[in-house]
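Please prepare a short briefing on the protein and ligand shown below.

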Amino acid sequence: MEPVIVGAGIGGLCTASLLSLSGEKPVVLERECRVGGRATSYPVKECLLDSGWHASYYKNGYVGGAIGEILHKLGQPLKLEKLNPPLCMYRNGKIESVVGFNHVPAELRPVLMKFAAEIRAIPYEKTHEYDDTPVIEWVNQRTQNPILLKHFNLSSYFAVTAKADKASAGEYFRVLQIATSMCEGLGYPVNGCIKSIADSLRSGIESLGGTVVTGADVVQMDVDGDRISAVLYTKDGDTHEIRPDKIVFNPPVYFILDYIKEFPKEFTEKVKHMKGNHTGPSTQVYFLLDSPFLTTKSLILLPEDADMWQPGEHCALFSPSTCSQTVAPPGKQLILIAVPYTGKSVEDRALGLLKEVFPDVEPHIDWVHSFETKIVDGLAKHVGFVGRHKMGVTSPLKNLFFVGDTVEGTGPGMELPADSAKKLFSVLQGGEKNL
Ligand SMILES: Cc1cc2nc3c(=O)[nH]c(=O)nc-3n(C[C@H](O)[C@H](O)[C@H](O)COP(=O)(O)OP(=O)(O)OC[C@H]3O[C@@H](n4cnc5c(N)ncnc54)[C@H](O)[C@@H]3O)c2cc1C
């Protein structure tokens with residue numbers, strides 16, 4: 001029986017893609033009615049809303065990084081509009097590019113360049129020696145300058161989604177090295193939304209004979225000895241049973257305990273420890289404006305308070321309709337403001353930010369839509385909770401495997417599950433064993 005993959009998130013789809021490319025015919029079971037998991041999009045009124053602000057690694061006009069490699073092999077390269085510059089910062093009433101360290105005084109930029117060169121020069125494998133060191137400790141050994149310390153807070157937050165005192169220096173270095181070697185910045189799908197990435201992976205899988213079933217909720221896994229013997233899922237009210245050789249589990253690993261209780265104690269403890277290690281929550285507030293005014297193709301970090309680099313207080317503003325023609329009707333502008341808090345007055349506070357940044361604009365708002373989300377699972381939050389401290393791709397059960405962002409892998413955001421899929425594929429091909 002062909003391999004079964006539980007979940008059509010980026011991790012599950014990348015795994016299915018690699019298996020399809022090697023001649024297998026995987027079956028992907030996804031409980032939602034659409035693919036993409038946390039990197040999906042859905043229609044609201046006349047727009048397509050992403051499940052929160054998302055950008056992809058960009059290379060030569062297309063999706064880059066590990067996902068880009070896989071899309072390329074599938075013959076499904078996905079065109080991106082480059083975010084140019086990728087990141088800006090709003091301060092002192094101005095939107096300034098962060099590229100070239102423009103956000104720090106000119107006399108400090110050479111110091112940052114020197115640090116960046118030092119990080120790039122660390123051999124990739126050696127970065128693991130810094131896994132248990134907080135970024136801030138590495139920085140403190142080199143400078144006490146408060147502006148530079150704030151820069152590292154900001155860049156840790158952006159690269160690893162954690163403050164510099166919580167972010168692992170090893171993880172931070174690897175993300176920077178990958179970002180500078182494999183990619184040329186960030187981009188957004190030209191003719192679509194963030195789900196286009198998952199849709200392209202799905203098309204590639206299906207073109208090679210694999211199957212992706214949406215609305216298929218895996219409800220039970222039966223264990224017989226050291227193997228899973230059967231997987232039960234419901235679709236359209238019917239229950240189906242399959243008996244696959246291999247099962248790849250894509251949701252955050254700790255959810256496996258909802259299905260299987262018979263794991264060794266040590267494994268169960270490690271899995272439980274992953275729970276609650278996610279970053280966030282954050283609230284994503286979308287506004288549809290009746291006339292476009294913002295042309296910046298960048299993520300704009302907004303300080304909500306006077307101390308603009310206070311970690312954890314970054315709000316981000318992005319207009320996907322500056323990059324893609326298809327997310328909003330012509331003549332309208334879709335704006336997203338992500339705020340790191342939840343609660344009743346979130347929409348008013350987001351609107352307040354929009355007005356603060358663009359005081360001369362009187363936008364007419366067609367509608368506002370907000371939702372809460374947690375951003376990255378199993379990444380950061382605690383130093384060292386990366387790489388070897390995360391779950392391996394294999395499990396105590398011989399035919400159960402894991403992929404996703406709670407599993408070993410490197411890179412920011414979607415790159416992490418894609419990298420875990422590459423690792424699993426190598427293990428399944430008889431490469432590295434990490435039971
Ligand atoms: C607001 C926000 C902003 C982000 N910004 C970025 C960004 O700019 N760039 C970036 O690269 N990354 C970003 N990320 C992170 C990125 O989206 C995630 O890290 C990544 O999508 C996680 O993928 P995954 O494969 O690990 O898991 P998931 O996406 O969680 O996939 C798991 C899948 O399993 C399915 N599933 C669960 N249980 C079952 C079941 N019983 N049966 C069948 N299916 C099941 C789920 O429905 C889901 O589709 C962001 C995330 C959020 C939330």
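This is a predicted model: local features need pLDDT of at least 70, side-chain atom pairs count only at pLDDT 80 or more; totals for chains, interfaces and linings use all residues.

Residues are numbered from 1 along each chain as its sequence is written, and side-chain values use heavy atoms, with hydrogens and water left out.

**Shell around the ligand**

- Around the ligand there are 34 residues, of which Glu30, Arg38, His54, Tyr259 and Met414 come nearest; a residue counts if one of its heavy atoms lies within 4 Å.
- The shell is made up of 14 nonpolar, 13 polar and seven charged residues, with Gly placed among the polar ones.
- At least two shell residues come from each of α1 (10–21), β2 (27–30) and β12 (217–224); these are DSSP runs, helices being H or I of at least four residues and strands E of at least two, numbered from the N terminus.

**Polar atoms at the ligand**

- The side chain of asparagine 250 has an N or O atom 2.9 Å from an oxygen atom of the ligand.
- For aspartate 217, a side-chain N or O atom is 3.3 Å from a nitrogen atom of the ligand.
- A polar backbone atom of isoleucine 10 is 3.3 Å from an oxygen atom of the ligand.

**Contacts of leucine 400**

- Leaving aside neighbours within four places in sequence, leucine 400 is in contact (heavy atoms within 4.5 Å) with residues including Ile228, Phe249, Ile256 and Thr394.

Technical notes
A polar contact is a pair of N or O atoms within 3.5 Å; within protein, one must be able to donate a hydrogen and the other to accept it, and residues adjacent in sequence count only if both atoms are side-chain atoms.
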